[in-house]
Amino acid sequence: MNDILVSRVTAGLTLLVCLLGAAPQAWAEDGAAEMPAAVDEMPAAVEAGEAAPTEAAPADEVVVLGDDVDWGEEETTRDPTKGLVQGRVTSKSNGDALIEARVTVQGTPFSTLTDVDGNFELELPPGTYEFRVWYELHQPQRVQGIVVEAGAEQQLDVALVGDDDSVLEIVVEAQADKSKAAVQMEKRKRAAVVMDAVSGEEMSKTPDSSAADAMKRVVGASVVDGKYLVVRGLGGRYNTTLLEGVSVPSPEPDMPSVPLDLFPSSLLSSVSVAKTATPDLPGNFAGGALLIDSKQYPTEFKLNLKAGFSGDSVTTFQQGPRYTGGSSDWLGFDDGTRALPAAVPGDGPTNELNREERANVGKSFDQTWAARNESLPANFNFGASVGDTVSAFGNRFGYLASLSWGQSWDLEGEYNVDVALDGSKPENATEIAGIRKVKLGGLGSFSYQLGPSDDLAFITLFSRSADDRAQVTRGFSNNDRDFEKTDLAFIARQLSFNQLRGHHRFESLGQLELDWQGNFSVVNRDEPDTRTIYYEDMGDGSMRMNKERGGQRLFSELDDRTFGGGFDLALPMESWKPKVGVLYSQSARDYGMRRFLYEDSRATPEVLGLPANEIFNDETIGRYFQFKEQTRTSDSYTADFQLVATYAMADVTLFDPLRVIFGARFERAHTELVHDSPFASADDAPKGVDRLEEDVLPSVNLVYALGEQMNLRAAYAMTVARPQFRELSSASWYDFDRRRFYSGNPELERSRIHNADLRFEFFPGATEVLAASVFGKVFENPIEELFFTDTGKSVTYDNADGGYVYGIELEGRVGLYHLSKSLREFGVTGNLTLATSEVEIDEPLMTNQKRPLNGQSPYAVNFGLLYENELTGTTAQLLYNVFGPRLDVAGIQGLPDIYEDVFHRVDLTFTQGLGSGFDMKLAATNLLDQEETYSQGDTEVSRFSPGVGASASLGWTF
């Protein structure tokens with residue numbers, strides 16, 4: 001039997017490999033188990049987010065999965081030394097057969113499942129046995145004194161009594177498909193915290209391609225720069241990201257948050273945000289804790305293939321700047337084209353070489369500096385997934401393997417103006433960037449049930465994204481000259497996440513539950529050979545390379561390795577559930593940067609006027625230009641962060657209908673950071689960091705059930721926000737996306753935040769909700785960005801004196817069948833957030849020492865109209881989003897603050913089942929063709945058009 005099952009698994013995997021051989025990319029879709037029961041019947045005792053054991057079959061028995069599964073087996077001969085126990089399991093209420101009911105022989109390894117007719121068979125050695133029969137939505141039943149004789153048959157028919165409360169808790173926690181909207185809504189209803197979520201099912205009905213896109217649909221949430229989450233006006237360090245319950249380090253050294261475009265929506269079963277804290281959640285957030293769950297393995301064999309095309313009115317088939325890269329750029333990997341040449345010293349600065357040796361090093365680099373105009377193609381993505389749940393050694397084994405690949409192109413044209421103190425416009429520029437974006441992702445998920453109360457699961461996730469950018473900036477500089485600057489950059493980010501976890505329940509210890517996990521992740525960011533060359537008009541119409549800026553090259557690499565583990569113990573009792581846990585995590589980061597310059601020594605005007613791809617060559621390097629390393633000591637650092645956390649909490653239902661979840665979390669954080677670049681040509685005496693912080697973080701959540709479908713919630717919690725490694729470093733760097741220079745501050749202190757929430761929520765249907773919330777937060781020593789040039793292009797960090805944010809959230813998600821039965825196929829979603837915030841900064845240079853939080857909008861609105869016809873397999877959705885003006889740059893020396901202006905967005909999606917396993921999805925984005933604009937006072941200082949987008953995809957499921 002096991003050989004047949006192994007063959008079946010192998011065949012599925014082989015088929016996937018063959019398909020991938022024709023296309024090196026894959027897609028994960030629809031890889032999760034169907035929910036076995038209506039979630040709107042779930043009991044109040046069910047807790048969201050907890051794992052529970054499920055029954056499993058031992059190695060000695062065959063698990064019957066139903067008549068629709070053909071194992072290819074022949075009829076076997078009975079063992080004459082054993083007896084046969086056979087029977088049928090039914091529901092006592094209606095006599096229906098119970099499919100896949102669990103039949104276990106207590107105190108033995110023997111177990112099986114019923115077939116589609118409710119029948120089961122077990123061969124047992126002679127003896128007297130006790131049987132336990134279990135099925136979802138029914139009370140388990142024990143049958144004692146069953147005598148088994150060799151060669152004899154014993155009939156055992158069992159009719160189970162329905163009991164939602166005793167069984168549904170197990171079904172929801174262990175069996176429910178987390179990608180379903182109804183399951184996420186039930187999880188939200190039963191959660192201990194204020195929570196909002198987007199399910200995989202909902203993501204499949206929108207144009208969302210990543211977790212970043214999905215979060216735009218959440219009440220009180222927005223996304224900055226297309227990938228960074230802002231919750232209730234709080235971004236960066238005020239949010240934390242958890243993958244399968246484990247914190248994810250950021251691959252971005254410049255930003256204190258995880259870029260959510262790392263997580264393709266095709267690999268996710270749900271994305272949710274916890275807006276209030278409990279002791280078992282990390283203490284380092286104030287806006288929200290983002291909880292990302294990967295897709296589950298299916299309950300039956302499923303192979304899924306999907307391919308799609310997309311484009312937009314600004315980019316597709318338009319001319320944009322590009323340059324020659326490597327042969328494997330389409331996979332998101334540099335093939336070595338941009339790597340440091342072997343001639344570059346690897347043990348010290350290049351400046352220690354003599355003049356001739358340095359010239360030879362400078363000649364060894366690729367001398368591509370200019371961009372050329374090319375027609376940019378349409379976007380393409382492809383994916384595949386395979387999964388199943390089978391019997392292995394008598395127990396259930398589930399697996400899911402998926403791959404996804406996508407390549408997209410962006411043509412970003414942005415107009416920028418700098419405003420001076422006298423009201424003039426000293427510098428204006430137009431940036432044209434052609435960007436190839438590649439995303440490669442893979443997921444492997446495996447689960448094995450050791451027994452009725454023991455589960456093991458392993459997940460490995462790989463995600464890589466690469467931006468290959470050619471950017472040309474033309475404009476008028478503040479020294480009264482026209483200029484042209486070209487930047488060529490390749491930036492790759494990669495996440496590898498691995499986790500082994502287990503759940504065990506000990507009946508002999510009063511149903512004590514043990515959850516444990518161990519994890520290891522590696523985050524990389526590689527920026528090889530970013531090149532910048534700068535030309536100026538000399539006043540006579542001729543363009544010459546700027547002598548001071550010359551030709552610049554930058555290489556940087558980040559490697560962050562995190563490992564840790566922890567365990568939780570919970571003891572379910574009649575009216576309360578105590579829970580304790582311990583967590584340990586350690587992150588070790590190495591960050592290195594090297595800067596090089598072709599410095600003009602005695603170049604003639606004729607040489608400086610040569611085209612960018614001709615100016616540096618074997619004749620000019622060493623004669624007119626000196627190759628020089630400009631790496632500083634502060635450009636590299638090693639850092640280590642250790643966190644030890646422990647907590648104790650209790651979930652009390654003694655005062656039903658009032659539920660009280662309270663406790664405290666203790667966190668001990670140790671941070672070390674040392675600057676020590678072996679390639680530094682100048683020592684800028686950077687400061688290191690060595691600090692120990694200890695915090696006790698109390699929290700309380702109150703949930704008052706006003707009825708079966710209504711909750712009133714109140715919460716208070718103390719949380720912290722810690723500065724990131726890069727913010728604590730003395731390094732300075734340039735951010736292409738935000739077009740600013742940044743510098744760290746080793747004196748930064750952590751922030752402490754008092755959080756309070758009040759929410760009313762009503763769940764009229766399985767996927768429906770009406771909710772109203774009031775929230776407030778008070779900050780001690782909030783970390784803020786400070787700008788120290790009047791153009792807002794140079795940024796550092798400091799602790800403000802204090803601050804606050806408060807607001808209200810309104811949300812609705814209902815079917816229109818409430819108005820008329822003829823509208824039963826229509827539904828609407830909508831949410832509104834109104835908020836105000838203030839930060840007080842005692843900094844004389846600031847124009848406004850009291851100002852809103854960065855990224856805080858006074859309002860944000862989402863609205864959606866959904867049509868869904870299950871009979872025809874048709875789904876259509878119209879989505880609208882708008883947010884109010886939000887602070888981007890705080891002005892200094894009398895200059896007004898810079899705000900991102902109001903932006904309206906309308907998207908439309910259409911999906912259609914085509915039969916035979918095929919389905920089609922069409923989407924259109926930004927139908928209003930709005931431009932993103934930024935204003936400083938009455939002056940528009942930046943404008944960018946994302947264009948109208950369109951996409952089409954075709955999927956097939958076997």
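Predicted model: local features only at pLDDT ≥ 70, side-chain atom pairs only at ≥ 80, totals over all residues.
Arg886 lies over the face of Phe883, 3.9 Å from the ring centre. For this kind of contact, NZ of Lys or CZ of Arg has to be within 6 Å of the ring centre and within 35 degrees of the ring normal. Arg594 does likewise, with its charged end over the ring of Phe679, 3.7 Å from the centre.

Residues are numbered from 1 along each chain as its sequence is written, and side-chain values use heavy atoms, with hydrogens and water left out.

Now the ring pairs. Searching the whole structure turns up 25 aromatic pairs (Phe, Tyr and the six-membered ring of Trp, centres within 6.5 Å; planes under 30 degrees apart are stacked, over 60 edge-to-face, the rest tilted). Here are two of them:

| Pair | Centre distance | Plane angle | Class |
|---|---|---|---|
| Trp369 and Phe616 | 5.2 Å | 55 degrees | tilted |
| Phe826 and Tyr867 | 5.0 Å | 55 degrees | tilted |

Trp369, in the loop between α6 (355-363) and β19 (372-375), and Phe616, in the loop between α7 (605-608) and β29 (625-629), are 247 residues apart. Helices (H or I) are DSSP runs of at least four residues and strands (E) of at least two, numbered from the N terminus. Trp369 is buried at 1% relative accessibility, and Phe616 is buried at 2% (buried is under 20%, exposed over 50%, partly exposed in between, with a 1.4 Å probe and protein chains only).

Phe826 in strand β41 (residues 826-840) and Tyr867 in strand β43 (residues 859-869) are 41 residues apart. Phe826 is partly exposed at 30%, and Tyr867 is partly exposed at 22%.
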